Amino acid sequence: MSVAVWKTRGATRNLILAEVARDEALLQGVLMRTKETPNSSELVTYAPFTLFPSPFPKAAFLQALAVQTHYNTLVDRISQDTEFLLQALASTIEVDDFSARLFKIHQQILNEGGSRSIVLGLNRSDYMLDKRGDQPPSLKQIEINTIAASFGGLSSRTPDVHRRVLKMADRLEESQHILDNNPAAGLAKAIAKAWELYGSERAVVMFFVEEVQRNVFDQRCIERELWKRNIPTFRKRFDDICKTIRLDQDKRLFVGGNEIAVVYFRNGYMPQNYFSEQCWEARLTMERSMAVKCPDIVSHLVGTKKVQQVLAKPGVLERFFPDQPQVVEQIRATFTGLYSLDMGPEGDRTIAMALAEPDRFVLKPQREGGGNNIYGSEIIQVLEKVKDSSERMAYILMDKINPAPVQNYLLRRDAPLAVSSCVSELGVFGAYVRQGKDLLMNECVGHLLRTKSSEHSDGGVAAGVAVLDNPLLV
């Protein structure tokens with residue numbers, strides 16, 4: 001299905017479809033708080049989304065789903081390999097203060113004997129389609145998110161929106177091809193398993209949330225799934241936690257008088273989240289505790305860009321899958337070119353390559369949250385400043401992925417309806433639970449498609465650049 005088909009039906013028809021789509025999004029709970037009142041639900045709007053689902057190759061989509069459990073296993077195995085993680089991050093923690101603070105907590109927990117009897121991982125691996133010449137598009141990984149992977153909730157609510165739009169547009173057959181998708185249920189299932197293993201019905205799941213909470217409804221979807229299972233939840237910000245956090249003699253974690261079974265991090269992934277030394281002390285206290293952390297500090301570190309780059313080196317994946325060459329092949333097939341900027345000849349070659357052809361690459365710092373990557377002429381500006389200093393080790397270089405644009409309408413509050421040239425990014429959610437050496441759950445639990453105007457290089461839905469979408473498999 002092409003948007004060109006819709007344009008021939010006239011602007012009036014599309015305006016009607018857009019009005020219905022917005023109302024359906026509100027009916028389905030595809031909601032965000034407004035910029036004006038980000039911490040109040042008195043006034044809400046629809047989360048931005050595409051008017052039509054975007055075409056996505058079926059083979060690439062199934063490839064992304066099939067490899068997700070292997071990525072779950074990879075993250076979990078790296079988190080248990082202390083020597084590898086130290087070697088991988090040695091140069092980064094020399095120059096990146098935020099990574100160094102996180103790693104210091106990790107080392108302190110190790111020195112105290114660790115607290116990882118129950119491990120809960122909720123990951124999202126993000127991909128784009130790379131189109132080179134006449135070759136079919138290939139699936140290439142952008143990154144894997146091991147902390148605060150968002151939109152598992154709202155992406156569970158969008159399929160019915162696009163089904164309604166397609167039915168109104170006399171596209172009944174296409175409406176039946178919109179995939180069922182419920183990451184919220186799968187993510188909650190894993191949290192529930194960790195809560196059950198913790199073993200106290202009085203203990204609660206704490207959603208550790210940001211100071212500004214526009215995306216609260218995405219998280220409420222997961223809370224709702226937990227309450228269906230009679231698992232109590234509450235939401236706390238850093239400020240609340242710092243005031244009342246404590247451990248008892250058995251290292252059970254208490255916040256505001258409530259025993260915490262699971263800490264679900266939707267905060268703590270950016271330096272600015274830690275606005276005082278008390279925040280760092282609270283993070284350390286949580287990591288020391290018997291509560292299940294999602295993620296714990298070591299799994300948080302596994303999600304860094306530097307680890308992603310090191311994994312792409314020849315022979316490294318084999319360390320984690322020594323007798324599984326097919327798994328190694330599946331994972332490696334999703335890698336694009338990743339290059340070190342460490343001091344020495346290899347890093348020098350990377351610098352020279354990037355300065356010669358900056359438009360071929362993306363320069364990535366060790367940051368999450370979207371909007372941090374560096375492109376084009378800005379790569380030259382940054383590298384000219386740091387190329388002769390150890391500061392360059394805070395970055396990695398990645399081949400720029402080149403997706404083929406498609407046309408769609410991006411529905412945003414107070415924005416006129418206009419067709420845009422768009423590119424899409426597929427996220428796949430994974431969930432795993434381990435107790436001791438036993439992996440009790442390892443599943444792919446759903447997907448997320450985000451689409452943005454092709455004029456934007458970086459940024460997600462929460463950053464105000466991308467919008468929610470659904471894949472229409474072709």
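How many residues does helix α9 have, and how far does α9 reach from its first C-alpha to its last? Before selecting anything, note that this is a predicted model, in which local features need pLDDT of at least 70, side-chain atom pairs count only at pLDDT 80 or more, and totals for chains, interfaces and linings use all residues. Residues are numbered from 1 along each chain as its sequence is written, and side-chain values use heavy atoms, with hydrogens and water left out.

Select residues 216-228: helix α9 has 13 residues and reaches 18 Å, close to the 18 Å expected at 1.5 Å a residue, where the expected span is 1.5 Å times one less than the number of residues. Helices (H or I, at least four residues) and strands (E, at least two) are DSSP runs, numbered from the N terminus. Among the buried residues of α9 are V216, F217, C221, I222 and L226, buried meaning under 20% relative accessible area, exposed over 50% and partly exposed in between, with a 1.4 Å probe and protein chains only. Their cover includes α8 (183-198), β7 (204-208) and β11 (258-265). Just after α9, look at N230, which takes a positive phi of about 60°.

Next, select F208 and F265, an edge-to-face aromatic pair with 5.3 Å from centre to centre and 75° between the planes. Rings of Phe, Tyr and Trp (its six-membered ring) pair if their centres lie within 6.5 Å, and planes under 30 degrees apart count as stacked, over 60 as edge-to-face and the rest as tilted. F208 lies in β7 and F265 in β11, so the pair ties together parts that are 57 residues apart in sequence. Both F208 and F265 are buried, and both belong to one aromatic cluster that also includes F98, F238 and W280.

Then move to the open sheet of 4 strands, whose order is β13-β16-β14-β15 with antiparallel pairing; two strands pair if DSSP finds at least two bridges between them. β13 (338-340) and β15 (374-375) stand at the edges, each with a single partner strand, so one side of each is left without a neighbour in the sheet. Within β16 (residues 395-399), I396 is the bridge partner of S340 and also of K364, while M398 stands opposite L338. Both faces of β16 are covered, with Y395, L397 and D399 buried on one side and I396 and M398 on the other.

Finally, select Y339 in β13 and F361 in β14, 22 residues apart. At 22% relative accessibility Y339 counts as partly exposed, whereas F361 is buried at 1%.

How values were computed. Contact = heavy atoms within 4.5 Å.
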